[in-house]
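Please examine the sequence and the model displayed below before reading on. The paragraphs after it proceed step by step.

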Amino acid sequence: MIRSIVHLKIPHFYVQAECLQNPRLRQRPVVISPLSAERAVILAVSPQAASWGIRKGMLLAQATKICPDLKVLPPTPQLYQKLSERLLQRAHRITPITEPTRPGRLFLDLTGTQGLWGPPQDAAWKFHKELRSDWGLFGAFGIAGNKLVSRIASQVSPPLKQELVQVPEGEEAAFLSPWPVSLLPTIKQHHFEELIEELNLQRIRQVACIQTQRLRTVFGPSADRLRRESHGIDHTAVHLQDQMEALTQEHHFKNDTNDWERLTLQVCQLVRDAARQLRLKNRACQRVRLFLRYTDMQEAQNTQPMAYPSFWDTEIEPRALEALKRARKRRTRIRYMALSLEALKRIGDVGATAAVSSLDHCKDGMDLEKRQKITRALDKIRERFGEGVADYASTHRHPGRTSRHPARSEGIFAEQRSPRRSAPRDDGLSSVRNDGACSTP
Amino acid sequence: MTDFTHLHVHSTYSPMRGTSTVTALLEKAQSLGQKHLALTDTNGLYGAVRFVSEAQNYGIRPLLGAELITDHESALALIRNEEGYSHLCQILSDRHADTTFSLIQALERWRGGLVIISDCEPLLRRLCRGSRKDLYAELSPGYHMHAALSLAAELRLPPVATNRVHFAEAPEYSLHRLLRAIDLNTTLSELPESELCLPTCDLKPLQTLAPFYDHAPQALSNTQRIAQDCMTEWDFPELLHPSGEDSALTGNFEMLKQKTYAGAQRRYGKVTPEVFERVHKEFDIIRQKHMAPYFLTVEDVVRHYPITCGRGSAASSIVAYCLGVTHVDPIAHKLFLERFINLERLDPPDIDVDFPWDERDNVLDRLFWKYSSRRTAMVCNHITFKARSAIREVAKVYGIPEVEIARVTKRISSFIKAAGIHEHLKNHPLCRDLQLKQPWPEILRYASQLGEHLQSLSLHCGGVLIFPEAIRKRIPVEVSRKGIPLVQWEKDQCEQAGLFKLDILGNRSLAVIRDALALIQDNYGTTIPYAQWNPLEDTATQELIRNGNTFGCFYAESPAMRQLLAKMRRGDFGHMVLASSIIRPAANAYIQEFVRRLRTGAGAPPHPLLKEVLEESYGIAVYQEHITQIAMILAGFKAAEGEELRKTLSKKHRETALEAFRQKFFHGAKERGLHTEQIKEIWRMILSFSGYSFCKAHSASYSLVTYKTVFLKAHYPAEFMACVISNQGGYYSAQAYLSECRRMGLQILLPHINESVFPYSGKDRTVRVGFMQIQGVRRQAWELLLEERSKNGAFRDFENFLGRTHFQAAEIRTLIKAGCFDCFNLPRPRLVWQLYEWMYRKDRNQSMDSRTLFDAQMEDLPAAPELKQGLRLQHERAALGLLASCHPMELYPEQLKRLPFLAAAQIHTVGNRSPGTEVQMAGMLVTGKLVSTKHGEPMEFLTFEDSTGIYDATFFPQTYRRFCRMLTKTRPFVLRGKLEPNYGVVTLTVKNAEFLD
């Protein structure tokens, strides 16, 4: 059967979401950044702001100096979450097989839907029109026989004149041939940019006509993939949300920090939120990965295996903290962290007992049933009264960090060293994703 | 109430622990009415000499000691007598040099003359096995005091009270935490408590401490007992050179005489009565001061490493000249001997000798070999904080990334002190738009409190100390990273303690001369003997100097010096000596007046009595000895006092001493009938010697090296410029030197796999870029390549190269980008394909011998069109770190066509013909010098170049304020401004600046 994959790309998703609330912002340079933070960085940029040379990750103070007319909006995660969900719901009206990759990016598998909706381009076109006229969103659609080509098709659509680009079956290679080689994902993933420049390979067609054997001498094991990509071949399937293999909980610090206590508290917070999601979805994780991005955009990560599959905060937390200790090798401030609970198993698959029997090992001596009850009760309280109303005491003050000399906390940074009584969550941007990838907006 | 003395006190000399300077501690101790104060820095006597001398000013009797810390043991050691001093030096040296050091064993062996105070149980138990004399248990509030007291009772040791002082005032505790975090490379939130002192460890009065010792009052009174027992009168020269010792150095006076006579014959041919008289005058002084071995030691070194430049005041010694240590004839050039040695001078004279920078380590090796590492050590530098380093280190503790730190520090000059951070940020135009949000204000507040805090020791650039016996018994010695022993005192404290030192300094230009002479010998077979070489009368050399055409030449290549020479229009040696001496930081005001007097012949000395002294320098004080002479003539100073005034002017901590000299000078001059205005004017002239200044002998010695380099530039330009770039470290970047090569009409060639050598090479009219310029390639791989090439001949083609060398793929890609293989006439992308094909086959062990198969495979490679010129230049810049194929301005032909520009080569012609003309010029920034006007406003003298020439531009304060933030060496500029001639030299006074691109 001929596959029909649509890739929807809504550029500047966060900014567009804000503009929906306030359409007068459309023509202005807009950025999204925490307003009250001293060391805020820019999380998202509108095209008008980008034309001033403002980039994601830039310090807000620097950006406002470059463009005095800059409109700064605080991030509103609920709005983005809501819009993403609406998009997904709308997509589900056409096909149940959808794969959201990042906020504002979505694959739809329209294979076999011709009988219901007519040709895929018609269904996509209808979606496209609805987005623009009813929702006021600008999006680019790429339609092709696979994910790779549909994504590149949506990428090469001219910005702000977002159109629908369709690549007929069998014409994938011809379509890709004039575009720059750097569009092929392998080039970026394996940092081959410099090498293709030295080889004077500029267009995809130049790569496509080189034998795999030759490519192998230069690009090693990536050669096969590169050649397939240059010919527009990609057999990967659109992954259903339900087939998720990892759950990622992320957090942008409003003010970057290198305060150890703040970092550990935030990790505990992420564990708490992610473990709750696991319980809701009836999954247990076998691996914990912590990803850090420092203020200077350098990245670090560490993965810790679980002794057995689990969805309990108390068991995941020590592994996550160990991952933090190992991942953090520098004293530079951290701007962003993401916790991925990976290698997920359905409780039914691994056996319910495996996931919960570990409670026998609780150090505090609390029995399995009691702990289970408390955690479930906490989940219910949170569901009913909101996050942060009730929590384990341990997520609020990290154990073993009492000061021998009380006067010490009166020195510099006393404010940061003093025990926290309120929830540690800074007002940065936290969100959950289901793909397990650690890339961020 | 009993009296009390603080016996455990850390100052800023406790590396990254103590927060208060010795002055602050003494001041506080004085205010508390203390009669004694101990200085016990961590594992060192780093500030001993300074503490002793400062304590005199506060009327406090200084006790010296150290807190000895290892991983498991700690003890306080206070010096009771000379023996104790020697033992403590030995223990401290062992602590730093011996990896198996055990404090207990060291104290068991070297306890004599020391008072030991500790609360370390194993240490006290062990030492109790010996004598209990001078052994105390340390009781400090907050440090397990009761356990210590019970231990004291059990071991029958007297207790002694200390407060383990780490700061004069309690609020400095936060600074202590910060220092610890910097030292341990961690953050404040992760500092282990074991690494910190208590917040209460300040210099407390007895009233505050006494309540802690209600149950052990004898602990307080014991401090007094110890203070009375310990040594408080310090005579360092006597401690370091106990009387009756023979000289450290070998050789005797008779030997010196013989060598000097032989040298005089060699230097002068016939020894005239004048020479004879001067030699004997010096012999008298040398004999009385026992300096013969010192001269002979230096002579021994220079005999083995003959390309030298004896610098400093020693160049005025005819003995040094005859021994080959210096190369300027002190009689012919009238050099003032008394500046070097005289019988009244109390401090030891220095003989400073420059060696080619890459031979310096060998020279040091020879000294360490000859006198043994046991007796020889180098002087150290105390690494402390300046504004930039203070900000960087504090910001790192606060987790600020490097790029953000650099945004602040790059706006701060490296001369700014940490205490001046706030003033600089507030007033300097570069910092005008620096809006620093939290935590920056906090970072800057703490950074400005850092300053004299000792971070670590580094090797002084050349000071070597040689002792008659084991140096470890005299001064604590550490071992540098390079494995060289170095003492814990820096230059000033060494001098204050009366130590003899040899200065063995590295000099890039001597290496340039050496390499150029070797190249000339290789290229043309011409030999120029260094020692006999006299370029002073060479016409071409004098012509270059007269025109200020001295780019690349030693000591005369800075824009200021080139301008001065061009304004002076003199090519003779005497004027060169004057010019190289008047160019010094504080003498700007006098330079213009000097040129005016030289060119017009007008002007008189500030007082008729100075006519004779200042005659040769047009009535302006130029040399250091002028200060001594002026003070002697006008204010009745003795020679030694005049010398002291001269030395005080260049010292760091000079305020008090200088004020005393000022009053003495004013008083003396008034007595001799000078009126106030006249005295003030002369004192201003004296102050123009602040910072650094030179004596005539030094200037003459350096000028001779200048002449030698200018001679090489005039006669062997390609060889000379190649060596200038190869030896690196010149005033300008390699890119700027390549531009100078172009201006000199030399052709620049890219690296060539068969023709290049490691350094740059020059012959006839071409300079070839050396392999050294290629970035990111291992030195070892180059050595193997050069060896292979010399053994088996040039590389036939690319495959031949691949087969015969041992580079990594990434390195070969860099070589391709640098243009090393352009000689094989293959497109560069094809070379990359070939490289990978070859590597692929090699990894799979496919036979390389089968040339047919290999050739067939090569034939089959994908079509690879050559890179565009723009990309090639980009690659060249990435591989070499500079553009060698063309001048950077040639990258902007379109922009240059659009507007009319005055070419740099025309600036002097146009400017002298029509002064004040408004012009537009283009150029890349080459270098700049930031100065302050007399109102304290910053302004900058900048040098730009276009493809035709080089020119100087002035950014006066108003223009500087507007454009200082855009000044960069990476982008081309368009400058608009007025041409202003000054004695024939035209500069551009800039009104507007913008980027060309």
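This is a predicted model: local features need pLDDT of at least 70, side-chain atom pairs count only at pLDDT 80 or more; totals for chains, interfaces and linings use all residues.

Residues are numbered from 1 along each chain as its sequence is written, chains are lettered from A and ligands numbered from 1 in the order in which they are written, and side-chain values use heavy atoms, with hydrogens and water left out.

Chain B contains 41 helices and 21 strands; these are DSSP runs numbered from the N terminus, with helices (H or I) of at least four residues and strands (E) of at least two. The radius of gyration of chain B, taken over C-alpha atoms, is 33 Å, close to the 30 Å that the globule rule (2.2 Å times the number of residues to the power 0.38) gives for 997 residues, so chain B is as compact as a globular protein of that length. Along the principal axes, its C-alpha atoms fill a box of roughly 90 × 85 × 65 Å.

Of the 997 residues in chain B, 59% are buried. Here buried means under 20% relative accessible area, exposed means over 50%, and partly exposed lies in between, with a 1.4 Å probe and protein chains only. Among contacts in chain B with a separation of 6 or more, 69% join residues 24 or more positions apart, where contact means heavy atoms within 4.5 Å.

Two helices illustrate burial. In helix 35 (residues 809-818) of chain B, 8 of the 10 residues are buried, so this helix is largely enclosed by the rest of the structure. Its buried residues include Glu811(B), Arg813(B) and Lys817(B). The cover over the buried residues includes helix 10 (193-198) of chain A, as well as helix 33 (779-792) and helix 36 (828-843) of chain B. After helix 35 of chain B comes Gly819(B), with a positive phi near 90°.

Helix 1 (residues 13-21) of chain A is also largely enclosed by the rest of the structure, because 7 of its 9 residues are buried. Phe13(A), Tyr14(A) and Cys19(A) are among the buried ones. Their cover includes strand 2, strand 3, strand 4 (71-73) and helix 4 (77-94) of chain A.

Side chains of opposite charge can pair when their charged atoms come close. A salt bridge is counted when a side-chain nitrogen of Lys or Arg is within 4 Å of a carboxyl oxygen of Asp or Glu, and the count over all chains comes to 83.

Where do the partners of the salt bridge between Glu404(B) and Arg39(A) lie? The N to O distance of this pair is 2.6 Å, and the pair crosses between chains, from helix 17 (residues 402-409) of chain B to the loop between strand 2 (30-32) and strand 3 (44-45) of chain A. Glu404(B) is buried at 7% relative accessible area, and Arg39(A) is buried at 4%.

Within chain B, Lys501(B) and Asp503(B) form a salt bridge at 3.6 Å, N to O, and both residues are buried. Glu677(B) and Lys680(B) form another at 4.0 Å. These two residues are separated by about one helical turn, because they are 3 residues apart in helix 29 (residues 676-687) of chain B. Glu677(B) is exposed at 51% relative accessibility, whereas Lys680(B) is partly exposed at 37%.
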